[in-house]
Amino acid sequence: MNRQSVLRGGFAHAGAAAGLVPSCLLRSSSCSSGHRSRKAVQASSSNGSGPWAQTMASCNPNLFVPISVMTDSYKASHFLQYPSAKKLVAYGEFRTGYNKDEQDSRILVYGLRYILENYVMRPWTADDVEKADVFFKTHMAPRYTAYPFPKDLYMKFVVENNGYFPVKIQALQDGTCVHAHVPVYQITAEDEYAPLCTFLETLLTMLWYPSTVATLSRRACDIIEAAFEASTDGGAGSPLLPSRLHDFGFRGCTSLEQSVLGGCAHLINFDGTDTMPAAYYAQFHLNGGRPVGMSIPGTEHSVMTCWPDERAAIYNMIEHFGTGVFATVMDSYDYGAALEQVVPVVAARKLEAGGFWVLRPDSGDPVEVVLQALRALDRVFGSDANSKGFKVIRGAGVIQGDGIGVVTIGKILDAAMTAGFSAENVAFGMGGGLLQRVNRDTMSFATKLNHVVYADGSAHDVMKH
């Protein structure tokens with residue numbers, strides 16, 4: 001399967017997946033088997049091995065936390081709460097469109113494959129059950145007494161089902177577009193395992209995160225596509241479109257797994273990313289080694305300010321990367337002065353190198369700073385009118401990565417086109433707004449029981465009113 005079918009498409013295309021699980025909360029006194037002071041743990045960390053390395057490894061939730069406790073506490077007691085039944089069925093759905101949008105309730109479903117591969121399809125062991133037993137013996141409030149859990153059922157499927165959790169899961173393919181209230185998965189548990197039907201709800205519900213990121217990214221793509229249709233040769237079919245929204249979100253994530261899951265969700269719609277774990281995972285685990293995400297060399301403020309001046313920093317970039325595409329941040333000192341005084345001075349050397357220079361404003365009003373950069377570049381390098389009458393700057397452009405959201409993207413593109421510039425002159429970088437500023441309520445995801453076949457054979461549909 002090629003990249004176009006696996007990782008590109010829009011709301012109607014199929015995609016691949018990646019995953020999310022909560023990160024370990026590291027406390028030096030409790031992550032190892034004994035109680036050690038922080039000072040003692042730090043003292044053993046210098047050579048990358050020994051007790052500190054063992055402690056760090058044990059704090060990885062994939063290694064340390066048994067699969068038998070990867071759910072909400074109250075679910076362990078539900079086996080005693082359901083009535084006797086031959087079968088229970090539950091489903092998961094998004095109840096609203098993005099940010100409760102009533103006009104457009106389309107949702108891009110993404111991320112279940114990772115959850116299934118890494119957690120649901122992981123065989124349980126007797127050791128997982130015994131570790132749960134030790135934990136539940138002191139989990140009941142208020143005095144750390146024994147908490148009920150279905151130990152016998154756990155051991156039964158460990159022995160009789162090779163450790164695989166005894167449910168059937170039916171789901172939409174990653175990358176499917178649905179409207180709100182369309183079930184995205186269904187869980188069925190039968191016979192003696194019926195009370196375990198909703199045990200996996202907590203893990204499966206984590207589908208909310210990658211689906212929300214994928215939907216947000218796709219909404220941004222819709223806005224950019226419309227601007228390309230209006231102002232760019234080739235319209236939405238332009239080869240530049242996939243690079244117009246760049247993932248800047250890695251450092252804003254709470255864990256590495258979140259960056260992989262959210263970063264891959266973005267790569268359904270675009271190929272620009274600085275979240276390398278996601279690009280690597282998508283390329284080598286999901287796409288047979290074929291590249292999915294790409295980036296360009298770019299400066300940060302630390303680079304710009306350690307040179308004698310911005311001109312020297314930009315000359316260095318031109319020396320190393322000037323024949324290709326490269327970016328420089330422009331507001332380390334005085335953004336206006338950099339546009340008026342530095343850009344004209346370095347222009348000759350940039351033209352000699354022949355590459356493409358991307359200016360990055362990083363402060364100020366997003367609309368105004370982009371327009372300032374476009375006008376400055378037009379004065380220095382000139383522009384050509386495309387078939388739709390919009391200016392395309394020669395060999396340079398702008399990427400705005402500060403304060404970016406779907407609304408801001410639309411405002412910037414509208415302003416650029418009003419000023420006569422084609423949308424292809426502008427790219428966007430989105431960080432926390434892409435991978436972090438979402439939650440389960442953004443599209444109101446929930447899993448609920450919907451069907452029961454009772455012990456006497458009678459069947460009833462059930463729902464929350």
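This note sets out numbered points on the structure above.

1. Basis of the note. The model is predicted; local features need pLDDT of at least 70 and side-chain atom pairs count only at pLDDT 80 or more, whereas totals for chains, interfaces and linings use all residues. Residues are numbered from 1 along each chain as its sequence is written, and side-chain values use heavy atoms, with hydrogens and water left out.

2. Helices (H or I, at least four residues) and strands (E, at least two) are DSSP runs numbered from the N terminus, and two strands pair if DSSP finds at least two bridges between them. An open sheet is formed by six strands with parallel pairing, in the order 7-6-13-12-9-8. Strand 7 (272–273) and strand 8 (325–329) are at the edges with a single partner strand each, so one side of each lacks a neighbour in the sheet. Within the sheet, three bridges link strand 12 (residues 396–400) to strand 13 (residues 426–430) in the parallel sense. Phe428 of strand 13 has Gln400 opposite.

3. Strand 14 and its partners. Of the ten residues of strand 14 (residues 445–454), eight are buried (under 20% relative accessible area, with a 1.4 Å probe and protein chains only; exposed is over 50%, and partly exposed lies in between). Strand 14 is therefore largely enclosed by the rest of the structure. Nine bridges pair strand 14 with strand 1 (residues 85–94) in the antiparallel sense, and Leu88 stands opposite Val452 of strand 14. Strand 14 also runs antiparallel to strand 15 (residues 459–461), to which three bridges join it. His451 has Asp461 in strand 15 as its bridge partner. The hairpin of strands 14 and 15 has four residues between the strands, and in this hairpin Gly457 takes a positive phi near 95 degrees.

4. The nonpolar core. A nonpolar core is a set of buried Ala, Val, Leu, Ile, Met, Phe, Trp, Tyr and Cys residues joined through side-chain atoms within 4.5 Å. The largest such core holds 120 residues, and Trp124, Ile224, Trp357, Leu374 and Phe428 have the most contacts inside it. Helix 9 gives the most to this core, with ten residues. Contact means heavy atoms within 4.5 Å. Leaving aside neighbours within four places in sequence, the contacts of Trp124 include Ile67, Val129, Tyr154, Phe157 and Phe199. In soluble globular proteins, nonpolar side chains tend to be buried together.

5. Salt bridges. A salt bridge is a side-chain nitrogen of Lys or Arg within 4 Å of a carboxyl oxygen of Asp or Glu; the count by this rule is 18. Asp127 and Lys131 form one, with the closest N and O atoms 3.2 Å apart. Both residues lie in helix 6 (residues 126–136), four residues apart, about one turn of the helix. Asp127 counts as partly exposed at 42% relative accessibility, and Lys131 counts as partly exposed at 39%. Arg360 and Asp362 form another salt bridge, their closest N and O atoms being 3.2 Å apart; Arg360 is buried at 15% relative accessible area, whereas Asp362 is partly exposed at 23%.

6. Lys391 and Asp378 meet through their side chains in a salt bridge (3.0 Å, N to O). Lys391 lies in strand 11 (residues 391–393) and Asp378 in helix 15 (residues 366–381), so this pair ties together parts 13 residues apart in sequence. Lys391 is partly exposed, with a relative accessible area of 31%, whereas Asp378 is buried, at 16%. Elsewhere, salt bridges that share partners join Asp104, Arg106, Arg218, Asp222 and Glu225 into one network.

7. Leu240. Which loop holds Leu240? Leu240 is in the loop between helix 9 (208–231) and strand 6 (245–247), and counts as partly exposed at 32% relative accessibility. Not counting residues up to four places away in sequence, Leu240 touches Phe228 and Glu424. Leu240 and Glu424 are 184 residues apart along the chain, and their C-alpha atoms are separated by 7.1 Å.
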